[in-house]
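This briefing concerns the ligand shell and the strand pairing of one protein model. Please consult the sequence and the structure shown below while reading.

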Amino acid sequence: MSVSLLGWLWWPAAVLVTVLGGAAALLYWWMTRNYDFWSSRGVSGPPPKFPNGHGIPNPRDFHSVERALYEDFGGKRYCGLFEFRQPALYVGDPELICAITIKDFEHFTDRRDLVLSKCMEEMLVSLSGRRWKALRVAMSPAFSSSKLRAMHQLCLETANNLSDYVRETMARDGKVELKDAFGRFTMDNIAACGFGVDCNSFGDPNSEFTRYASQFFKPLSGYDMFRLLVLSIFPRRIGNLLPDRAEPAGAFFQRVVMRTIAHRAEHGSGRRDYLQLLLEIKSGTGERAISDSLIATQAVMFLVGGYDTTASLLTCAGYALATNAEVQQRAQHEIDQVLARHGGHLTFDALSEMHYMDLVVSETLRLYPPFMRIERQCVREYTLPGTELTIPPGTLVIMPVLSLHRDPEYYPEPLRFDPDRFLPEEKERRRAGVYLPFGSGPRGCLAQRFALFEAKLALVAVLRGSTLTPAAGTPPPPLPLDPGAVVATPREPTFVQVLPRHSG
Ligand code: HEM
């Protein structure tokens with residue numbers, strides 16, 4: 001009896017093994033059939049290797065992958081690699097970067113078609129072609145420098161709360177963790193400016209707003225990596241069959257904004273926040289028409305694009321100031337002088353006169369750029385200027401940020417924190433295309449001015465009344481970063497001390 005049952009089972013098992021083996025062989029062939037793409041074009045690069053496309057060790061240590069591409073495989077000019085099965089050209093030459101992102105932009109209008117969550121599909125950052133262009137044109141006025149003035153009061157309140165928070169935390173704990181303090185500031189500012197909501201994360205770090213927001217910024221789990229892999233390899237509709245962890249958060253924020261929009265439609269609003277600015281520009285027609293739900297999606301983008309990046313900038317700036325006493329003193333001296341001229345009021349005009357703090361922020365973004373790379377997708381066949389290399393539509397182009405910012409050819413003693421590198425005459429001397437914290441060209445960061453403004457305001461609000469100094473365990477410069485983080489993050493929680501100033 002059992003022998004005949006085994007006989008019956010043998011056949012289905014053999015068929016199953018054959019089918020699975022065949023499918024695996026087919027998948028392998030499909031994933032690797034492109035692997036002569038670069039060699040056939042005479043482009044060097046890391047030898048392609050199944051499954052992730054390149055054989056660079058520790059693929060989850062983004063810093064070592066970046067260093068290998070830039071320094072060992074010719075990426076300082078350009079080299080070819082694969083991201084799974086997709087050919088990507090890694091271009092580190094500043095002239096080529098300017099050509100790709102600015103001069104010949106019409107060949108590179110898009111980014112790769114990969115979004116982590118369904119709720120991000122309609123965000124400006126993810127759109128392509130004409131839909132991107134129409135929305136970018138419609139949204140740009142809301143991010144002009146003249147609109148910052150209107151936002152100043154809202155941001156100042158949050159910055160003052162930050163200043164109180166660091167002093168109170170110091171008094172209670174004897175030290176302050178930078179990412180915690182600046183993360184709270186950034187969250188409150190996004191809630192106030194992007195959503196018209198008072199989030200109060202200084203008082204209540206577990207508010208519903210903060211809890212849902214944190215869903216977007218959890219480190220990538222094994223499941224997320226698997227989902228990302230499926231989304232990278234297969235069409236989006238197949239990847240979207242896998243459960244999407246960020247979707248409940250996306251739905252929550254859509255509801256928050258839609259409720260606020262409905263309330264403002266009924267009662268009006270005197271607030272000068274981004275939500276209001278976007279509502280005021282939504283009167284276009286055709287491709288320019290912006291629905292309420294599309295506006296809500298862009299408000300969520302404010303959170304997704306603005307939280308980690310700004311908190312990273314502020315954390316690294318706080319660290320750089322605490323570990324460079326002379327720089328901090330110069331910044332405070334300027335703050336005292338400017339505020340004295342403005343009757344002690346941190347107005348928009350006073351902030352605009354604090355030029356040294358601009359240098360501090362620029363140098364922080366050089367040494368610790370929140371994003372290590374930028375990228376474009378080729379949409380029209382393109383021959384790289386000065387070369388014989390032609391790339392077809394669909395080719396991904398990756399451009400380094402961190403490697404350029406730390407290249408001693410462009411920035412001598414690159415690991416030294418020196419804001420004077422950004423004095424006007426120094427900037428003039430430097431070649432174009434070697435400073436990319438906000439990307440470059442028409443697809444560069446939409447909110448650059450706002451990000452610089454809010455970061456500067458936060459730092460000035462803290463430094464006018466307090467001095468940051470290293471705490472026990474604060475690492476010596478440069479700040480060690482987590483090599484597996486997508487956005488620059490200290491490897492360990494970074495503590496400083498916050499001492500009251502006698503003047504200012
Ligand atoms: C320190 C803070 C920030 C940094 C360093 C930063 C950096 C960047 C970078 C590198 C890019 C890609 C640019 C390119 O591909 O050339 C980008 C794009 C973008 N950023 Fe930011 N960002 C910051 C803050 C923000 C904030 C607060 C927002 C709020 C809405 C924002 C919205 C966007 C958008 C919408 C895009 C896509 C633009 C497009 O595709 O047209 N960013 N950002």
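**Sheets and ligand site of a predicted model**

Two bridges, given as 2 in the count, join β3 to strand β9 (residues 495–500), and these strands run antiparallel. The model is predicted, so local features need pLDDT of at least 70 and side-chain atom pairs count only at pLDDT 80 or more, while totals for chains, interfaces and linings use all residues.

- Two strands pair if DSSP finds at least two bridges between them.
- Helices (H or I, at least four residues) and strands (E, at least two) are DSSP runs, numbered from the N terminus.

**The sheet with β3, β8 and β9**

- An open sheet is formed by 3 strands in the order β3-β9-β8, with antiparallel pairing.
- Because β3 (176–177) and β8 (466–470) stand at the edges, each with a single partner strand, one side of each is left without a neighbour in the sheet.
- The pairing of β8 with β9 is antiparallel and extends over 5 bridges; here T467 has L499 of β9 as its bridge partner.
- Helix α5 (residues 145–173) lies across β3, β8 and β9 and runs at about 100° to β9. Axes are lines fitted to C-alpha atoms, for helices over the stretch in contact, and angles run from 0 to 180 degrees between N-to-C directions; contact means heavy atoms within 4.5 Å.

**The sheet with β1, β2, β7 and β4**

- In the order β1-β2-β7-β4, 4 strands form an open sheet with mixed pairing.
- Its edge strands, β1 (78–83) and β4, each pair on one side only.
- Neighbouring strands of this sheet are turned against each other by 30° on average, direction ignored.
- β4 is joined to strand β7 (residues 396–400) by 5 bridges, and the two run antiparallel; Q377 stands opposite L396 in β7.
- Helix α3 (residues 94–103) packs on the sheet, touching β1, β2 (86–91), β4 and β7, and its direction makes about 130° with that of β7.

**The ligand and its shell**

- The ligand is surrounded by 26 residues, of which the closest are R111, W132, R136, R376 and C445; a residue is near a molecule if one of its heavy atoms lies within 4 Å of it.
- Oxygen atoms of the ligand lie 2.8 Å from a side-chain N or O atom of R111, 2.7 Å from one of W132 and 2.9 Å from one of R443. A polar contact is a pair of N or O atoms within 3.5 Å; within protein, one must be able to donate a hydrogen and the other to accept it, and residues adjacent in sequence count only if both atoms are side-chain atoms.
- Two or more shell residues come from each of α4 (129–139), α12 (292–322) and β4 (373–377), and α12 gives the largest share, 7 residues.
- By class, the shell has 15 nonpolar, 7 polar and 4 charged residues. Ala, Val, Leu, Ile, Met, Phe, Trp, Tyr, Cys and Pro count as nonpolar, Asp, Glu, Lys and Arg as charged, and the others, Gly among them, as polar.

**The iron atom**

- C445 is the only protein donor of the iron atom of the ligand, through SG at 2.4 Å. Donors are N, O and S atoms within 2.8 Å of the metal (3.2 Å for Na, K and Ca), and sites may look incomplete because water is not among the atoms.
- C445 is placed in the loop between α17 (424–429) and α18 (448–463).

Methods
Residues are numbered from 1 along each chain as its sequence is written. Side-chain values use heavy atoms; hydrogens and water are left out.
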